[in-house]
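Colleague: I have not looked at this one before, could you walk me through it?
Modeller: Gladly, here it is.

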Amino acid sequence: MKALVLRKNYSLEANPNPLETVDWPRPRPMDRQILVKVSACGVCHTELDEIEGRTPPPRFPIILGHQIVGRVEQAGPGVRRFKPGDRVGIGWIFSACGKCRFCLNGDDNLCPEFRATGRDADGGYAEYTTVEEDFAHPIPEVFSDLEAAPLLCAGAIGYRSLRLSGMDNGKTLGLIGFGASAHLVLQMARHQHPGGKIFVFARSEAEQQFALELGASWAGGIESQPPQPLDCAIDTTPAWKPVLEGLKNLAPGGRFIINAIRKEERDKEILLKLDYPHHLWLEKEIKSVANVARRDIREFLRLAAEIPIQPEIQVFPLEEANRALMELKNRKIRGAKVLRIGP
Ligand SMILES: [Zn+2]
Ligand SMILES: [Zn+2]
């Protein structure tokens, strides 16, 4: 099969083509696994963190990609939920132990044995992939394969972030950074909390304009002051400055969610400017959002179909994954980038 592999960690500034197109053995489904013929795979900021070594794969070569849509090609021994031809999606959660207190509580995203698709196991930048059937999800009919791909990470983790933020009707929500996840969160938040206000902080004017088109109450630069303090905020940027800027704008008792698997180190020194009375006093909270639980993907897909959410996508052929990743790195973003695989 055709696949794109990462052979080691690279700095993208030194090597803008880290993924290599190769002819690779097609995987075989093991016990309770399905073999999936991939048709679309979303491109996520986390791939940059894997390539540059902020969350490195434990082995090389590895096939990246964790927003996978395709059809079941073959069911392995003991598979009950799916049959060949069924359309499925696979997200960041590839497996978890199923026995620890986190798993038993539905928080399998926090399991000590959490394994990630496209990092700890081969992912979707390829024509075929395998996954245990319990970690595959039926895709609602309203979405095409390409539209459904970004829902599996950007959407599902955005859903988890929005829930953890404590957003409610009548409250104000700040979205700091406006990429694949935030443009879906904005649509979700408007649907779930129509009495709330959403303020978007984005670097480029194009992103700010896009946020207003999608119904943001206000949009401005990362350092601008919103019309009202923020009760909740979700930060999806790779940097630290937006955290300080956001904490400054947080209302008393407000909660700040960091939705990033890793932050870049580049501007970390700015944290020395943290001013307790200004940024944290009056019971402001900071919380990270980690991975994604299976129930987030399930609940979010249902909600996305009901709204229905309209993902803005930009399609690239599989072979041009390196270009899509570099555009993401250089913040050339409108909505979500998706690889088309096969005809
Ligand atoms: Zn992702
Ligand atoms: Zn567990």
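This is a predicted model: local features need pLDDT of at least 70, side-chain atom pairs count only at pLDDT 80 or more; totals for chains, interfaces and linings use all residues.

Colleague: Let's move to the metals. Which residues are the protein donors of the zinc ion (ligand 1)?
Modeller: That zinc ion (ligand 1) has Cys-44 (SG), His-66 (NE2) and Cys-153 (SG) as its protein donors, and they lie 2.0 to 2.2 Å from it. Along the chain, these donors follow the spacing C-x21-H-x86-C.

Colleague: Where do Cys-44 and His-66 sit?
Modeller: Cys-44 is in the loop between β3 (33–43) and α1 (45–51), while His-66 is in the loop between α1 and β4 (68–75), so that the pair, 22 residues apart, links distant parts of the chain. Both Cys-44 and His-66 are buried.

Colleague: What coordinates the other one, the zinc ion (ligand 2)?
Modeller: The zinc ion (ligand 2) is held by the SG atoms of Cys-97, Cys-100, Cys-103 and Cys-111, at 2.3 to 2.4 Å, and the sequence spacing of these donor residues is C-x2-C-x2-C-x7-C. Within this set, Cys-97 in the loop between β6 (93–95) and α2 (101–104) and Cys-111 in the loop between α2 and β7 (115–116) are 14 residues apart, and the pair links distant parts of the chain.

Colleague: Why is the arrangement around the zinc ion (ligand 2) called tetrahedral?
Modeller: Because its four donor atoms subtend angles of 105 to 115°, and the label requires all angles to lie between 85 and 135 degrees.

Colleague: Back to Cys-111, is that buried or exposed?
Modeller: Cys-111 counts as buried because its relative accessibility is 4%, whereas Cys-97 has a relative accessible area of 22% and is partly exposed; the cut-off for buried is under 20%.

Colleague: Changing topic, which residues make the nonpolar surface patch?
Modeller: Tyr-276, Trp-281 and Leu-282 make that patch, which is about 360 Å². Leu-282 is found in the loop between α8 (276–279) and β15 (285–288), and at 44% relative accessibility Leu-282 counts as partly exposed.

Note on methods. Residues are numbered from 1 along each chain as its sequence is written. Chains are lettered from A and ligands numbered from 1 in the order in which they are written. Side-chain values use heavy atoms; hydrogens and water are left out. Patches are made of residues with over 30% relative accessible area and no salt bridge: like charges are joined within 9 Å, nonpolar side chains (Val, Leu, Ile, Met, Phe, Trp, Tyr) within 5 Å. Accessible areas come from the Shrake-Rupley method with a 1.4 Å probe; for residues, only the protein chains shown count as cover. A salt bridge is a side-chain nitrogen of Lys or Arg within 4 Å of a carboxyl oxygen of Asp or Glu. Helices (H or I, at least four residues) and strands (E, at least two) are DSSP runs, numbered from the N terminus. Buried means under 20% relative accessible area, exposed over 50%, partly exposed in between (1.4 Å probe, protein chains only). Donors are N, O and S atoms within 2.8 Å of the metal (3.2 Å for Na, K and Ca); water is not among the atoms, so sites may look incomplete. Four donors count as tetrahedral if all angles lie between 85 and 135 degrees; four count as square planar and six as octahedral if opposite donors are over 155 degrees apart and all others between 65 and 115; anything else is irregular.
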